Amino acid sequence: TVHPLVKMTKRTKVKATKHLLSGEFKDNVTVAAAAERNEQSDSEMQPHWKGLLSINLVEDFTVFPVKGVPPQVRSALTVDEERGRYLPVIFCSDMWTFNDQLLPINETTTDLTLTVSFSQISLMRWQLTAQMQASLELQASLHGDKAMDDVRRMLGDTSPWLLGLTMLVSVLHSLFDFLAFKNDIKFWKNNKSMTGLSL
């Protein structure tokens, strides 16, 4: 399995920040200098080092027949056609690597550290993680990496029970809104006069 450790992203925009009391610009970057740098780097891509490699061995002892491998699993299998056997699935996950953890690679970069973690995951957890990662990558192409980083942070930092409770309350709120609206329509539909009603 080949997994890239370098991610190409757009250069970060330089912002000119000014101290309100002293009137000095932070890092000596004036508004004009920031605009000039941003103009140059608007379409320029910069390599970033991930620094974290999470290797997961999918622990599953299901014996699939040669023609009966599920399509979700088939794409990840390395099959030996002669013997009719396949290697275990190795899944490299970037799910919990955030953009602020990426290290820009440039002329001044001398050392790049790599942290490798190895673990076993179940077949169901692998499929769920792979599906979520693919979905977040698709959403990132539409909404940007920062928005998807925030979603991943929320999923990672918040208790699953709290997320589940929030979803349950939202569903109940929508249900009660629907029932109240239905009763309002029923009342006004059957109402023949406005006597006794204050508007």
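1. Helices H3 (residues 123–143) and H4 (residues 145–157) have axes that come within 7 Å and cross at roughly 145 degrees. Helices here are DSSP runs of H or I with at least four residues, numbered from the N terminus. Axes are lines fitted to C-alpha atoms over the stretch in contact, with angles from 0 to 180 degrees between N-to-C directions.

2. H3 contributes Met132, Leu136, Gln139, Ala140 and His143 to this contact (heavy atoms within 4.5 Å), and H4 contributes Asp145, Ala147, Met148, Val151, Arg152 and Leu155. By class, the H3–H4 contact holds seven nonpolar, two polar and two charged residues. Asp, Glu, Lys and Arg count as charged; Ala, Val, Leu, Ile, Met, Phe, Trp, Tyr, Cys and Pro as nonpolar; the others, Gly among them, as polar.

3. The model is predicted: local features need pLDDT of at least 70, side-chain atom pairs count only at pLDDT 80 or more, and totals for chains, interfaces and linings use all residues. Residues are numbered from 1 along each chain as its sequence is written, and side-chain values use heavy atoms, without hydrogens or water.

4. Met148 lies in H4. Met148 counts as buried because its relative accessibility is 8%, the cut-off being under 20% with a 1.4 Å probe and protein chains only. Leaving aside neighbours within four places in sequence, Met148 touches Leu136, Gln139, Ala140 and His143. Its C-alpha atom is separated by 8.0 Å from that of Glu137, 11 residues apart along the chain.

5. Phe176 lies in helix H5 (residues 160–190). With 53% relative accessibility, Phe176 counts as exposed, a term for values over 50%.

Definitions and conventions. Helix = DSSP H or I, 4+ residues; strand = E, 2+ residues; numbered from the N terminus.
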